[in-house]
Amino acid sequence: MTGLETAAQMNLLTIRKRHSGVAFIMLDTPGKVNFLTGAAIAEFDAAVDKVAHDKDIKALVIISGKADNFVSGADLHEIIKFTDASQGLHLASTGQQVLNKIARLPIPTVAAMNGACLGGGLELALSCDARIATDAGITLIGLPETRLGFIPGLGGTQRLPRLIGAKAAVELILTADTVDAKRAHELGLVDEVCNADDLMAKAEALAAGLAQKGKPAEKNKAAEELTPENLKRFFAMAERSVRIKTKGKYPAQTRALEVMKKGLDEGLEVGLDAEARAFSELSVTDVSRNLVFLFFTTEFYKQSALAAYEKLGGSKISTVGIVGGGTMGTALAQQAALNGFTVLLKTINPDRQKAAVQKVVDAVSRAEMVNKKGAIISAPQYQDLCDADLVIEACAEDEQTKISVLEQLSKNVKEGCIVATNTSSIGVTNLAQHFANQGNFVGLHFFNPVDKMPLVELVSHSTTKRETTARAGGFACQLGKIPAIIKDSPSYLVNRLVSCYLGQAARIALTNVPLNWVEDSAIDFGMPLGPYALADEIGLDVTYDVALFSHKAFGERMAPPAVLLQMLGIGLIGKKTGRGIYSYDANGRKLAFDPHLFDELSCIITEEKASQETKDSLAEQLILPMIDEAARCLEEKVARRPREIDMCVVLGMGFPPFRGGLLRYADTIGAPALIEKLNAMYQKSVWNIEVSSYLKKLAAEGRGFYTRGSAEE
C-alpha cells in the first residue's frame, strides 16, 4: 500500500492512514473468511473512537485484509451457544451501537467490498455513507438470515429499505438471496463497481471525493417510493403472502416484515430496538436451531468435497461428456455449460442429436447473470468424447442400455477419464463390471429437476479409486450441488425412503381415507407437495418400478400396493402425460383429482376438512415408517451418520427444513414412543413387519439418533 502515513495494529483490525487524509480500517479475523464476531465488534468500537478523535482523518474506508472476502456475516457458532434471548439481545444491541457510531461519524465513510458481503457484513456496509464493490464473480451481497430462522440484527431491516426502497428490501430479506455487484448497483445498494485490482485506489478516490463535497445527506427511499397509505397497503399484502407461503412454519419472515414496517412508521431508533428484540427471540427457537444445523451440515459436506478435490492438484475437470439427450442428459449439459465447463453432448438416438444440442445451446444463451459460460459441442460418435475428463451416462433407466453405453465408453475415452452413471436404482457395482477401468467408475445420482435439486448421491463401489470419488465430488460442487457419499445398495438412500413414503400414501388410499385429507396432512406437516402430487411428478410408472425393485430387495414391507398397478392399468401415468392421480392442463398445471380414481378404484374425496388430530395422525402414518427405514439405512451403513440422512431428505425430497430433517424430527418423539406407534401401525398390516433393530437399540440404551447437545454432530 503506497502513500502510507501511519499504521496502527490491533488484534483483528489494522488502521492505516494515507497522505490523502483517508484512513482504512482493515478487518482480518482468523480463518479463511472474516466473521463479525463479538470480539471484532469490540475492536470496531475502539477503532471508530480512534478515527473520530483524529482530526487529520478526513474520510474512512472499511475494507477486508483478506484478498477474496469482505465479511461473511456473524459467527453462527456464537449464536448457537445462546441459551436464552438475553444473550442475543446483548449481541445485537452492542453491534447496533457500534454501527450507529460509524453512521454518525462526522466524516464520510465508504465500504469497499470484494468477495462475500453477507449478513452482518452487509449491515456493516449499510452503516457507511457509500459502498463500492468489485465485479469479481466471488462478490456476492445479501442478507441470508431468514434462511437461518432469524432476522438481521445489526440494522439491516432498517437501513436497507431506506437505501433501496421497501419493495426491493423486502424481496432481498425474505428470499435471503444474494446479488452480484452489477445487480447491487442497479438496486442502488452500491455506488460504484470496479475491478478487484483497483478496489483500494477507487475506494480512496471515492472517499476523498466525498470528503471534499461533505458527508452525504441521509436517504429514505422507502418514503420517496410509497406514500404512508401505500406503504401500509404494501406491507399488508406482503404479510398475507408470507402467511400463505410459510403457513406459520417459518416465523422469521413475518417478524422481519413487522420490524421493517415499525421502523418506517415510527423511526430508525424504534425500528432498531424492535429488530434487536426480534433477532434475539428468533435465534433461540427450535426452528432456527434446526435451520442452522442444516446449514452447518451442508457446508461440512460441501467443504469436505472441495478440500478433497483441491488436494488433487492438476487432476481437475474441464471438459465433460454427457451421453443421453433426454430430460436428464440435456439438463446436466446445461448446468455444466453454465458453470464454465466445455460440454460434449451425445444422444443415444442419432436422430435426436441435433435437436438435443440446440436445446442446450438455446437454454444456455438465454441464461442471465452467469460469469462464465462453457462451450457446447456436438459429439455424435463415441470417439468424439475422447477429450473428456469426465463422462456422465445419463440415458434411460434400463440396465441393458447402460451396459451397452459403458462398453462403448471403455473403448473410446482417454486414460484417466472418469465415467459416472446417473442411475437412480441400478447397482453401481453391477454396472462397473462393464467398464474397462473400474477404478475410474462411480455413480453420480442427480435429482430431477437438475437446476433446482441441490443434492447429488455419490455412489462408489469396492474398486473405485479415492481420487475418482474426490474428482466426482468436486465436480458436483462446481455445479453448485452438495455431494453425499452413499453406499451402493438398492435404490440408494433417497429413493428408498421416497418409495417407503409413497407406498404408505398408496396404502392409506385403500382405507377409505379421503385423498385430499392425506395431501393436506402432508402439506400441514411441512412437505412442499402432498404424496400423490409427488407421485405424479415422479411418474406413477417410475414409482411402481422403484417399488418393485425395493420389494425384491427388501421384502414385503416395501411391497407395492395393488392400487398403483390398478392406476397404471387405467392409463394414469402422471404429470408427463397429463393424467395421473391428478389431471393436468396443456401447460402442466395441476387441476383436480382424476375422476377415474372414484369411478373405477373407489377412492374418495370430501369437502369436509380434516381435524388437526386427524391430520397429525395421517402425517405420522406417512412419516414414521420412513424413520424406521432410515434407521435400517444407518444399520446397513447406506449412510454413515444421522445428519447425512437428514441433509439428504431435506435436499433430495423436500422434507421440511424447519424440522431439521427426518431423524432430528424423530428425536422430538423419542425411540420408545416411535416403537409404540410403529407397532400399532404394523399390526394393521397384512405382512409381518417388525420395527428395526436399530430403533430398538436406541430405546434400550435410552438415547436418540443424535447424542444430547450434538447440534453439529
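**Overall fold and the second largest pocket**

Buried residues account for 55% of the 713 residues in the chain. The model is a predicted one. Its secondary structure comprises 29 helices and 21 strands. The radius of gyration is 28 Å, close to the 27 Å that the globule rule gives for 713 residues, so the chain is as compact as a globular protein of that length. The C-alpha trace spans about 85 × 60 × 55 Å along the principal axes of the chain.

Contacts were then examined by sequence separation. Among contacts in the chain with a separation of 6 or more, 72% join residues 24 or more positions apart.

Attention then turned to the second largest pocket. This pocket holds about 590 Å³ of space. Its lining consists of 23 residues. Leu126, Cys128, Asp129, Glu218 and Lys219 lie nearest the centre of the pocket. Several elements each give two or more residues to this lining: helix H3 (85-103), strand E8 (130-134), helix H5 (156-164), helix H8 (199-213) and helix H12 (268-282). H5 provides the largest share, with 3 residues. By residue class, the lining of the second largest pocket divides into 10 nonpolar, 10 charged and 3 polar residues.

Note on methods
Residues are numbered from 1 along each chain as its sequence is written. This is a predicted model: local features need pLDDT of at least 70, side-chain atom pairs count only at pLDDT 80 or more; totals for chains, interfaces and linings use all residues. Side-chain values use heavy atoms; hydrogens and water are left out. On a 1 Å grid over the protein atoms alone, a cavity is a set of points where a 1.4 Å probe fits but cannot get out, and a pocket is an open set with protein on both sides within 12 Å along at least five of seven lines; lining residues have an atom within 4 Å of a point. Grid points are joined across faces, edges and corners, and a volume is the space filled by probe spheres set on the points. Helices (H or I, at least four residues) and strands (E, at least two) are DSSP runs, numbered from the N terminus. Ala, Val, Leu, Ile, Met, Phe, Trp, Tyr, Cys and Pro count as nonpolar, Asp, Glu, Lys and Arg as charged, and the others, Gly among them, as polar. The radius of gyration is taken over C-alpha atoms; the globule rule is 2.2 Å times the number of residues to the power 0.38. Buried means under 20% relative accessible area, exposed over 50%, partly exposed in between (1.4 Å probe, protein chains only). Contact means heavy atoms within 4.5 Å.
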